[in-house]
Amino acid sequence: MTEDKTSRACWKVTLLWLGLWSLLANVPPATASNCRQPEGTCIFGVFPHSSTRQIATTYQTIAEELSLVLDRDVRLQTARSIPEFLKRLRQHRYDIALAGIGHYLMVAEPAGYIPLAHRENPLHYVLVTPQESPLRDIDDLRGRRLGLMPPQNGTSIAGQLILRDHGLDPQKDLTVVRLGSQQGCIHAMLTAQVDACAIAEPVVETFEAMMNRHFRILARSEDLPNVSYLASPLLAPDQIEALRDYFSDREHFVAARPSHYSHFRKRIEALGRPPEARR
Amino acid sequence: MRPFRSLGTRIALIVIVAEGVVLAAMLWLTQSHLRNALKQQAEIEHRLTLDVLTDAAYTALLTDEYTEVTPLFEHSVSNHHIVSIRLLDRDGRIVAASNPTMIGTIPGKLPPTPYPALLVRQPVGEPDSALGELQVVFSQQYLQAAYMSSMERSLAIAALGLAGTALIGLTLGGRIRHRLNRIVQQTRAFARGQLDARVSSDGTDEIAELGNAFNQMADRISRDIHHIEELAYHDSLTGITNRLVFHERLATAVRSARRHGHQHVLMYLDLDQFKVVNDTCGHDAGDALLVDLSQRLSTLIRARDTLSRLGGDEFGVLLENCTLGEAEQVAEKLRASVADYRFRWKDRTFRVGVSIGIVPVDGNIEDEKQLLSQADVACYAAKKAGRNAVRVANAQDGEVARHSAELAWIARLQEALEHHAFTLHWQSIAATTAPERRPFREALLRLVGTDGHLIPPGEFLPPAEQYGLMPAIDRHVITLALDHLRELPTEDRPEKLFINLSARSLSDDGLYTLIQESLAKNGLAPGLLCFEITETAAIDNPELACHFIERIKQLGCSFALDDFGTGLCGFNYLRELGADFLKIDGSFVTGILSDPLDRSIVAAVNDIAHQAGLQTIAEWVEDDATMQALQSIGVDYVQGYAIDRPMPAGVAMRTGSEPAINQG
């Protein structure tokens, strides 16, 4: 009798624990948005590729248009750093996100984010060195220091792909120095902390004009997919479709399909584990 | 002196009040500027702080990361006069704050602070799409402290300035008051008669100028007063005291004699033969003689005695505390000195004398007028006694008594003129051949005595003639007569009104003008008037009489020769004088019935007058028989009790009495 009672009590406790666990399992992350709720606010996250003020200037209008599209409040948000941005992606704190190719393939896609649209023109990355540098060719990078942004960043991925394409192993043939931004890479190169760095090709002229210096391009990447708008998998399907329609209609953007990223998904997978930062 | 009446206190007060007003205005202005400057500085600081905080808040809100902004808020609170900072997101939740315990809460009221504080709400982001709101509470305590500190310093400086100004103002005011008081004291002393009061000059400022101006004024007034005293109390010709001083001192002597029994003596001096010098050598010589004698006489009396010039050649001497005997000796000394004196003028030498009347001033004297009168009488007696003599006043002296009575008449006549005590009576002058004609009338002067009785002219005219009062009396008579005529209706006026003039009036230059102006003023025809002068007056100065009669006749008036027959006037004068009427003296008329000579004289005078073109008037006609006799002789007019008696002008005018001429 006593054992029966004890056994029933254990079952009750077990069931209660399971019930509570199931409830807790269905609760969305504490930091997730409430975009799915009626009248809930959606977060539009933009990866920190520029200053927060410039990001706000550029994307605030889009956020307001998105509010009209979704018929609810859409707030623009960015992050202080790429890792923070990627962390929030993983936590689904962004209902809508603008991310680079690396962010998408390495973080957002595994987290379930759905590509909505991407910029139609491809993006090129280059390895540059100062004009007066003795480096004349990418092979001259052997044994040298190369400045790269964080591993999940498109610039970093493109830099590694360029090295691979030219038969260089980033982990063996040279020293990778992790830097926070493209501007940080240029600054480190000009102060001789690194011998070369990887940056997006469109910004080469900008940096040359800004710093009154000339850079020598050691190598250029193949065409890489440009930035993409993503939708959280937590959004309702009709919301996702509305967003896709909206972004597809934007100038220079086209609707994204998973196949668009296949080639580079394979190449990134081929890169394996991202190189660890030496500093 | 009450404090606020003092000029120095007023100046000090005005300076202090003005300084206070200026300082208050400056203080207010300075503090206002300081308050504004502090406010602007605080606003700038707030703005800069807000810019930094807002920028950080913007990034924090956009990135939803507050780990970096919170230390910034905490640091700001500790360093920038900030009480608290909190950042609200778009939902109004506190997402970051200087006090971390507030994070995640809904903001309530700010906790009260023991000092002034300012809450500033700053939207983060664009106003129409703000990401949130930054709320910063700035402390105002340091502003207030700075303001109060400045105010305390300014008030201290202002108080010091005011105290200094008050000290300076009171010192300066005191100096000014002290200097002005000196001037006031000297001015008051001067006003009290201290003519040597002067202000000592110190400095060159306005007060010193005032003092100098006072001194100049005092100098000038002193000189003028001295000059006025000279003019008022001294004779301008001789320099000795004048009549005014003499009367004052005589009055004092009279009081002294009556109250204390002191004995003084009055002497009245009249120069003999002075008129000779004046007439032969002119007034300059006469003046020089008077100056010489004044100096000579003044050396012969004591310093305490008074020698004054009382009139033309008349002097008075008052010997104070002197017996009559001593005075007689002094008088004799004076007389002898004048008698010994020789006056030389150009190449001529004159001897003069002096008649001196002496009166003792004792307790029996009524007043100084009586004294002077007695002295004058005594002097007159001395002159009567042969001139150059000394005579002591004596009431028992007959000559003195008569002269004294005459002098009394002079005073009485002057008083009568002054108080209009004279009156006119009218007496008719009737035509013998045409009695129905309006008669002539003669204005006869009467004096109304103090008891109301009429005083006949025989009593008062001789002294009036002797003492030169007749011109004034004649003027008075003319004025009275014309007033009466003016008041009469034209039909009641006499055909002519005869008015008597004295011999002295013939030389009265103003009389002609008076007659002319009085006629015009009263609107009367000159032909209404006929002036009479006596035969004696006419022959005393025939040229003067002719000239006067000529002017009067040119004016339109008539002229009559009065009392003809008594003055031994030559018949040739009848034509030269140009008279219109001849009045036959009554002494002949009264005897024509009993004395054939009188009748012959009257007839002859009447006949001659007619021949000379004059009409005749017989006076003193006292009965009808005389009147008939005159008619038979051919006299033109008659006047006397047989016609009517003199009656007051007003009565004569009302009755319009007709003369009683018996035609039978």
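This is a predicted model: local features need pLDDT of at least 70, side-chain atom pairs count only at pLDDT 80 or more; totals for chains, interfaces and linings use all residues.
1. Residues are numbered from 1 along each chain as its sequence is written, chains are lettered from A in the order in which they are written, and side-chain values use heavy atoms, with hydrogens and water left out.

2. On the interface, 12 residues of chain B are in contact with 16 residues of chain A (contact means heavy atoms within 4.5 Å). B:Leu62, B:Glu65 and B:Arg90 lose the most area on the chain B side, together 40% of what that side buries (buried area is the accessible area, 1.4 Å probe, that two parts lose on being put together, summed over both).

3. Charge shows up here too: the rule finds 6 salt bridges between chain B and chain A (a side-chain nitrogen of Lys or Arg within 4 Å of a carboxyl oxygen of Asp or Glu). One of them joins B:Glu68 to A:Arg80, at 3.3 Å from N to O.

4. Now the fold of chain B: an open sheet of 4 strands runs in the order β2-β1-β4-β3, with antiparallel pairing (strands are DSSP runs of E, at least two residues, numbered from the N terminus; two strands pair if DSSP finds at least two bridges between them). β2 (94–97) and β3 (117–124) of chain B each have a single partner strand, so one side of each lacks a neighbour in the sheet.

5. Look at β1 (residues 82–89) of chain B, which pairs with β2(B) over 3 bridges. There, B:Leu88 has B:Ile94 in β2(B) as its bridge partner.
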